[in-house]
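I am starting a notebook on a structure that is new to me.

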Amino acid sequence: MIANYHSAVKSCIDCGKCGEICPICKVSDNILYTPDNKIKLLSKIENGEELTKDEFDTIYLCTRCRACNEVCPVDIPIADIIQYERGLLAEQGREPEKTRHIIKNIVEKWNPKGLDNEKRKEWISDDLKFSDDSEIGYMAGCWVAFAHGEIARNTIRILNHCGIYPKILEKERCCGLFVIDNGHLNEAKEYAKNYVEYIESCGVKKLIVSCPACYSVLKFEYPKLYRKPSFEVVMSLGVFKELIESGRLKMNKINKVVSVRDGCPLRDRRDVPRYILRELGVNVVELFDEDVCCGAPAGVKPNYPEIADAVGMLTIKRAKEISEMLISYCPFCLYHLEWVREKYGADIIMKDLSTLLIESIS
Ligand code: SF4
Ligand code: SF4
């Protein structure tokens with residue numbers, strides 16, 4: 001793998017396409033921040049050589065959105081090499097203090113902020129119905145449970161409306177994406193093993209998740225880190241689409257022009273939210289011709305808040321120009337963009353898709 005990474009770096013033809021698409025480069029003209037320059041630091045990092053501040057920063061100025069991977073004409077796995085470089089820096093005791101702190105919180109306290117995990121269930125309201133006997137489980141995820149409880153409430157309301165009563169995971173925890181994104185793969189392996197075994201022990205056969213990151217990690221990363229879970233992992237949006245297609249979920253039309261904030265891990269399934277929005281009767285306008293992430297993930301928000309905010313503003317400004325409302329289906333995008341909106345006084349309505357759905361059936 002490591003030898004492959006070195007030959008991959010050497011195969012770069014300096015076409016510049018990765019720099020053109022990288023969201024970090026859209027808000028900074030520092031030449032060292034381009035994706036190709038990030039991976040060209042591989043040997044230097046591997047040899048434990050001293051890095052300048054810009055060289056160090058560029059490794060952590062990456063949301064791991066993978067937009068660069070998709071445009072590279074010679075198929076260099078840029079985001080994977082950055083993850084590997086971060087893993088090396090962590091082993092050498094050189095990762096950012098905030099990154100180390102967040103990883104410790106996730107591994108030891110099961111959430112990024114080290115909050116009391118019992119508070120995860122504070123989103124549950126009296127009108128919601130669950131069944132301990134169900135083989136369908138529900139995982140809200142950290143950013144839903146701690147910051148956007150309405151997403152979980154509305155998701156369960158929609159499921160209940162269609163006669164589905166899932167089981168709550170009593171010991172739900174963070175999916176661990178941040179640990180993976182920062183190259184702590186040994187800790188991530190152990191974490192994946194424990195969480196997969198716990199969910200299986202709950203008798204869950206199908207797990208509905210409300211966060212694209214949880215979906216991607218449980219479905220695609222855990223099998224690489226540990227093994228394929230015995231339960232199926234499905235995104236709430238996929239369940240909503242099936243319910244609409246089967247006629248079990250009927251909605252009133254909403255006459256709005258909306259833009260959509262796509263969650264990076266669901267980039268290849270962006271047709272699903274658009275299908276739901278079309279069925280709701282809204283007019284969907286596209287934010288960008290290319291992929292532009294929200295700017296926050298993988299440690300950019302805690303370590304480089306101004307840059308995370310500047311990338312977030314790209315979405316907010318564009319959404320305001322072309323639409324009446326920005327619809328998200330990623331709780332972390334929503335959390336970050338609401339923060340940016342408040343900080344800079346931007347005037348745009350933002351909602352999770354589950355909120356728009358519940359408004360259309362109540
Ligand atoms: S993964 Fe995204 S943020 Fe990271 S270098 Fe590639 S395009 Fe830039
Ligand atoms: S897109 Fe690929 S080949 Fe082109 S500069 Fe970036 S890493 Fe090199």
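Into which domains is the protein divided? I find domain 1 (2-95), domain 2 (118-241) and domain 3 (250-361), with bounds that come from an automatic or database domain assignment.

Before going on, I note that this is a predicted model, in which local features need pLDDT of at least 70 and side-chain atom pairs count only at pLDDT 80 or more, while totals for chains, interfaces and linings use all residues. Residues are numbered from 1 along each chain as its sequence is written, and chains are lettered from A and ligands numbered from 1 in the order in which they are written.

**Domains 2 and 3.** I looked up the C-alpha centres of domain 2 and domain 3, which lie 22 Å apart. The contact takes 27 residues from domain 2 and 23 residues from domain 3, where two residues are in contact if their C-beta atoms, placed from the backbone, lie within 7 Å. On the side of domain 2 that touches domain 3, the largest share, 7 residues, comes from H11; helices, here and below, are DSSP runs of H or I with at least four residues, and strands are runs of E with at least two, numbered from the N terminus.

**The sheet.** I then followed 4 strands that form an open sheet in the order S6-S5-S7-S8, with parallel pairing; two strands pair if DSSP finds at least two bridges between them. Strand S6 (283-285) and strand S8 (349-352) stand at the edges with a single partner strand each, so one side of each is left without a neighbour in the sheet. Strand S5 (residues 257-261) and strand S7 (residues 325-328) pair over 4 bridges, and Arg261 stands opposite Ser328 in S7. Helix H19 (residues 331-344) lies across S5, S7 and S8, running at about 165° to S8; axes are lines fitted to C-alpha atoms, for helices over the stretch in contact, and angles run from 0 to 180 degrees between N-to-C directions.

**Two positive phi values.** Asp14, which is not a glycine, has a positive phi of about 55° and is found in the loop between helix H1 (2-10) and helix H2 (17-21). Arg64 also has a positive phi, near 55°, and lies in the loop between helix H6 (53-60) and helix H7 (67-71). Is each of them buried or exposed? Asp14 counts as exposed, with 8 C-beta neighbours inside 10 Å, whereas Arg64 is buried, with 25 other C-beta atoms within 10 Å. The cut-offs are 20 or more for buried, 12 or fewer for exposed, and partly exposed in between, with C-beta atoms placed from the backbone.
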